Amino acid sequence: MALSLDVRALARAARSRKEEAAAGDDADKERERATAITIDRANRAAAAIAERAKGGGGNSTSSSVVLAADILDGVRYWPEFLAEEEEACLVDAIDVVAEGRWVGGESDDRFSGSCCCPSSTSTTATTATSTSTALPGRRRRANFGGSPSYLSSSEPLPPFLQSLCLALTSAGAFSETQPANHVLINDYGSGAGLPRHRDGPLYEASATITLCGSAALELHRIEEVEEAKESGKKNNNKKASSIQLLLRPRAALSLRTESYERWEHGVPAVDVDRIRIECANRLEAGVEVGEEVARAPRRMSLVFVNKRKV
């Protein structure tokens, strides 16, 4: 009798393990299906953006404005590069494809921390352990297209990122002979910043698409920054020229020629951006001097560059 009970108990345990394994397989299949749907939606959304940029459907993507032309060359701003539903599709897909690629997550303390590209000319750099989310005051990043530090390092981009590269080229952010081929995704927690820097010699231009929240980008003329440093040593208190650009969600910005080569750029680590008289896109961003724009709990910037090939 006891043997019979033991056999029945073993049989029940075996059935239970089999059912649990089947349930686990079903859960895995469901996750795979959900992931495929998420990526497909992003691919279709990005393809639509690229088509618009070519003039195939509406003109909001290709409508840009040249900014601060009286001060420097090479700044263009697209106030509505994406639609709101397209933004949501891209954010969902980024959360999928960037999993396992995130690095950083360190606290950015008023322009301290590592720059967006390891080859950039920042005066500070730190290394930190990857975090599972973009924490308040912190920034993590993921590279696509190969290592940003090596010309010979390249990889195919996810289809939706490749479509955004095509869209930016069609819109005029890059030339057809030197299209974007590398994408850096910065994922900012509330209050996080980007150290002021100039990108390294591997790149000639950049374009940024902003998702989820607003932030002010600060540009400073490199020569005047150096002069101001020397002036400070002599107690002359000379200040460098600066330009402020409010990066709105779903907008795109490109920096080329003088604005990219001779000006540093960075994002202050603050919870609220105060709009200054030097803000060159107040009209396009819908803000006034003195207005305060709160940072969102999460903000993403997709930074596109043409990494020169060997």
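Two strands are taken to pair if DSSP finds at least two bridges between them. Helices (H or I, at least four residues) and strands (E, at least two) are themselves DSSP runs, numbered from the N terminus. This report applies these terms to a predicted model, in which local features need pLDDT of at least 70, side-chain atom pairs count only at pLDDT 80 or more, and totals for chains, interfaces and linings use all residues. Residues are numbered from 1 along each chain as its sequence is written, and side-chain values use heavy atoms, with hydrogens and water left out.

## Strands and sheets

An open sheet of 4 strands is present, in the order β6-β11-β8-β9 and with antiparallel pairing. Its edge strands are β6 (194-197) and β9 (242-247), each of which pairs on one side only. Neighbouring strands of this sheet are turned by 20 degrees against each other on average, direction ignored; the axes are lines fitted to C-alpha atoms, for helices over the stretch in contact, and angles run from 0 to 180 degrees between N-to-C directions. Within the sheet, strand β8 (residues 215-221) runs antiparallel to β9, and 6 bridges join the two. Glutamate 218 has glutamine 244 in β9 standing opposite.

Strand β4 (residues 138-144) is joined to strand β5 (residues 182-189) by 6 bridges, and the two run antiparallel. Phenylalanine 144 faces valine 183 of β5 across this pairing. Strand β4 is mostly covered, with 6 of its 7 residues buried; buried means under 20% relative accessible area, exposed over 50%, and partly exposed in between (1.4 Å probe, protein chains only). In a regular strand the side chains alternate between the two faces of the sheet.

## Arginine 298 and its surroundings

Arginine 298 is placed in strand β14 (residues 298-305). Because its relative accessibility is 25%, arginine 298 counts as partly exposed. The side chains of arginine 298 and aspartate 95 are joined by a polar contact of 2.7 Å. A polar contact is a pair of N or O atoms within 3.5 Å; within protein, one must be able to donate a hydrogen and the other to accept it, and residues adjacent in sequence count only if both atoms are side-chain atoms.

When its neighbours within four places in sequence are left aside, arginine 298 is in contact (heavy atoms within 4.5 Å) with Val91, Asp95, Arg140, Asp187, Tyr188, Cys212 and Gly213. The C-alpha atoms of arginine 298 and arginine 139 are separated by 9.8 Å, although the two residues are 159 residues apart along the chain.

## Two loop residues with positive phi

Cysteine 212, one of the residues in contact with arginine 298, is found in the loop between β7 (206-211) and β8. Phi of cysteine 212 is near 80 degrees, a positive value in a residue other than glycine. Arginine 250 belongs to the loop between β9 and β10 (252-255), and its phi is likewise positive, at about 75 degrees, although arginine 250 is not a glycine. Cysteine 212 counts as partly exposed at 33% relative accessibility, as does arginine 250 at 25%.

## Cysteines and serines

The structure holds 0 disulfides, a disulfide being a pair of cysteine sulfur atoms within 2.5 Å.

| Residue | Relative accessibility | Class |
|---|---|---|
| Cysteine 165 | 1% | Buried |
| Cysteine 279 | 3% | Buried |
| Serine 163 | 15% | Buried |
| Serine 206 | 5% | Buried |

Serine 163 is placed in helix α3 (residues 159-171). Not counting residues up to four places away in sequence, serine 163 touches Ala46, Ala47 and Ala50.

Serine 206 lies in strand β7. Leaving aside neighbours within four places in sequence, the contacts of serine 206 are Phe174, Leu253, Ser254, Leu255, Tyr260, Phe304 and Val305. From C-alpha to C-alpha, serine 206 and lysine 307 are 9.9 Å apart in space, while 101 residues separate them in sequence.

## Aromatic pair

The structure holds 1 aromatic pair. The ring centres of tryptophan 78 and phenylalanine 81 are 6.2 Å apart and their planes stand at 80 degrees, so the pair is edge-to-face. Rings of Phe, Tyr and Trp (its six-membered ring) pair if their centres lie within 6.5 Å; planes under 30 degrees apart count as stacked, over 60 as edge-to-face and the rest as tilted. Tryptophan 78 and phenylalanine 81 are both buried.
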